[in-house]
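Dear colleague,

Please find the structure below, handed over for your records.

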Amino acid sequence: MGFIETIKEKAKANLKTIVLPETNDIRTLEAAHKVLEEKIANLILLGDEATLKAEAAKSNLNLDGATFINPTSCDELESYVELFVKLRGHKGLSEKSARALLLENPLYFGVALVKSQKADGMVAGAINSTADVLRASLQILRTKKDSKLVSAFFLMVVPNCDYGEKGIFIFADSGLVQNPNAQELASIAIDSAKSFQSLVGKDPIVAMLSHSTKGSAKHPDVDKVIEATKLAQSLAPQIAIDGEFQLDAAIVPSVGKSKAPESKIAGYANVLVFPDLDSGNIGYKLTQRLAKAEAYGPITQGIAAPVNDLSRGCSSDDIVGVVAITALQAQQK
């Protein structure tokens, strides 16, 4: 059984309700059909039921079993307006503006459902930017009490690969934090390790990546990674974290032994923490395209409830995978 199939089976064992707000995209409807057919999660689809079912029927898609909520005719709209104003009134949000956002932007309405516990999580981003998805999430849900930072990772499943956890890796941050400082990088490393443990069920082995391995190069960018490694090790001594490593020293045992012989982690990492968003995003896309890896994400960590983003180049199968991951996160929450 493949990795994502294992995630699906776990999701099926305790069905959670996931809201899909981007129902004007055919990929979302295709994904909804597959999720319902495989019984991976209960779904809430935002929009008019008759219209969405008619659109789905054009592609032989069946949406029976989904719950449909049309924001414009929702009986609980005013309670969501009141909730939104309560959360953002101190920032100048008026009742009129709150109502307009909830009616005109499905992302806000979807997150309001999660905040009100009508849904356990949300998946969006097929047609909206990461910034838009996270803006709605953070304004209504906010961060977890024990989180210092909201970050994002990709869960990578590389075929025919002996590295990492049999080809399974987390790449972080590959979707959100542009240029983390040492403290933020340490937080990303710790949160990513916890995410790997909860989703993969294996011990995380975290490599802090750089263009240098254990002092082979001198540069302020290297110094940041060194400082972040020390901070992460002190904050989470129970997690296997080391660096700074070049990528080959992090995942190839023979190279790790040669370049960092004193490290127990070198060559065996399954959680790769990139020094900035540029390298993280480039790294995941290279792996996805050249190694034909499955890339699920960006998966967020640090938000008070599971809300996950999608690449705008995602397929319907990618959406299904992220729905399953979101449902599993909701189970563990």
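A pocket is, on a 1 Å grid over the protein atoms alone, an open set of points with protein on both sides within 12 Å along at least five of seven lines, whereas a cavity is a set of points where a 1.4 Å probe fits but cannot get out; lining residues have an atom within 4 Å of a point. Grid points are joined across faces, edges and corners, and a volume is the space filled by probe spheres set on the points.

This is a predicted model, in which local features need pLDDT of at least 70 and side-chain atom pairs count only at pLDDT 80 or more, while totals for chains, interfaces and linings use all residues. Residues are numbered from 1 along each chain as its sequence is written, and side-chain values use heavy atoms, with hydrogens and water left out.

**Pocket and cavity**

The largest pocket has a volume of about 680 Å³. Of its 30 lining residues, Lys144, Ser147, Asp191, Lys194 and Gly302 are the closest to its centre. Helix 8 (182-200), helix 9 (220-235), strand 10 (294-301) and helix 13 each give two or more residues to this lining, and helix 8 supplies the largest share, 10 residues. Helices (H or I, at least four residues) and strands (E, at least two) are DSSP runs, numbered from the N terminus.

There is 1 cavity of 30 Å³ or more. Among the residues lining the largest cavity are Thr28 and Ile319.

**Helix packing**

Axes are lines fitted to C-alpha atoms, for helices over the stretch in contact, and angles run from 0 to 180 degrees between N-to-C directions. The axes of helix 8 and helix 9 come within 8 Å and cross at roughly 50°. Helix 8 and helix 9 are therefore oblique to each other (under 35 degrees is roughly parallel, over 145 roughly antiparallel, 65 to 115 roughly perpendicular and the rest oblique). Their contact (heavy atoms within 4.5 Å) includes Leu185, Ala189 and Ile190 of helix 8 and Val225, Ala228 and Leu231 of helix 9.

Helix 2 (residues 26-38) and helix 13 (residues 316-332) pack at about 55°, with their axes 8 Å apart. Helix 2 and helix 13 are therefore oblique as well. Thr28 of helix 2 and Ile319 of helix 13 take part in this contact, and both residues also line the largest cavity.

Yours sincerely
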